[in-house]
Amino acid sequence: MSIWWSLHLRREAASVPLARRLLLGTMETAGVDPDVSYDLSVALTEACANAVEHGGGAGPGAPGGPPSGAYRVTAYLDGETCRIEVADAGPGFPGAGVPRAPSDDAEHGRGLRLIEELADHVQFGNRSGRGGAVVSFDKILKWRDSPSLLLA
């Protein structure tokens with residue numbers, strides 16, 4: 001089974017639960033185990049919240065990417081894996097694109113660590129030549145015994 005979708009969302013707090021609900025609905029319909037769905041939905045919430053808070057830039061955004069007032073969420077359920085990518089038009093990650101571990105009393109960065117804990121594989125990077133950050137993560141799926149929808 002293969003399902004994918006992509007959303008361009010405004011950088012507004014109200015967009016975060018929309019993306020989360022769409023992911024949860026897709027996973028439920030496909031028959032993904034609820035614990036796996038929950039982990040991925042929390043990771044997606046953190047990535048979207050970061051895009052809303054930090055993902056803006058000056059100007060209309062880069063060609064081929066989301067406008068500066070928007071961000072993009074793409075989800076792929078392909079075979080036994082779900083891959084999610086959140087891309088924004090902000091300044092991106094400083095340095096080599098790999099965020100440093102936050103200190104225990106840090107106000108920022110804990111969401112990125114939570115994504116790392118909930119997903120099997122995580123990549124933090126910057127959009128080359130376009131500006132903006134990209135957070136992508138994937139997780140091996142487990143299935144319920146009786147999926148609500150069987151797709152051929």
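This is a predicted model: local features need pLDDT of at least 70, side-chain atom pairs count only at pLDDT 80 or more; totals for chains, interfaces and linings use all residues.
Let's begin with the largest nonpolar core, which has 37 residues. Within this core, L40, L44, Y71, I84, V86 and F137 touch the most other members. Where do the core residues come from? The largest share comes from α2, with nine residues.

Now try zooming in on V86. Leaving aside its neighbours within four places in sequence, V86 is in contact with L44, A47, C48 and A51, with Y71, R72 and V73, and with A133, V134 and V135.

Next, look for aromatic rings that pair up. How many aromatic pairs does a search of the whole structure find? There are two. One of them joins F93 and F124, whose ring centres are 5.8 Å apart. Why is this pair called edge-to-face? The planes of the two rings lie at 70°, and an angle over 60 degrees counts as edge-to-face. The pair also links distant parts of the chain, because F93 sits in the loop between β3 and α3 while F124 belongs to strand β4, 31 residues apart. Are these two residues buried or exposed? Both F93 and F124 are buried.

Finally, turn to helix α3. Its buried residues are G111, L112, R113, I115 and L118. What covers them? The cover includes α2, β4 and β5.

Methods. Residues are numbered from 1 along each chain as its sequence is written. Side-chain values use heavy atoms; hydrogens and water are left out. A nonpolar core is a set of buried Ala, Val, Leu, Ile, Met, Phe, Trp, Tyr and Cys residues joined through side-chain atoms within 4.5 Å. Buried means under 20% relative accessible area, exposed over 50%, partly exposed in between (1.4 Å probe, protein chains only). Helices (H or I, at least four residues) and strands (E, at least two) are DSSP runs, numbered from the N terminus. Contact means heavy atoms within 4.5 Å. Rings of Phe, Tyr and Trp (its six-membered ring) pair if their centres lie within 6.5 Å; planes under 30 degrees apart count as stacked, over 60 as edge-to-face and the rest as tilted.
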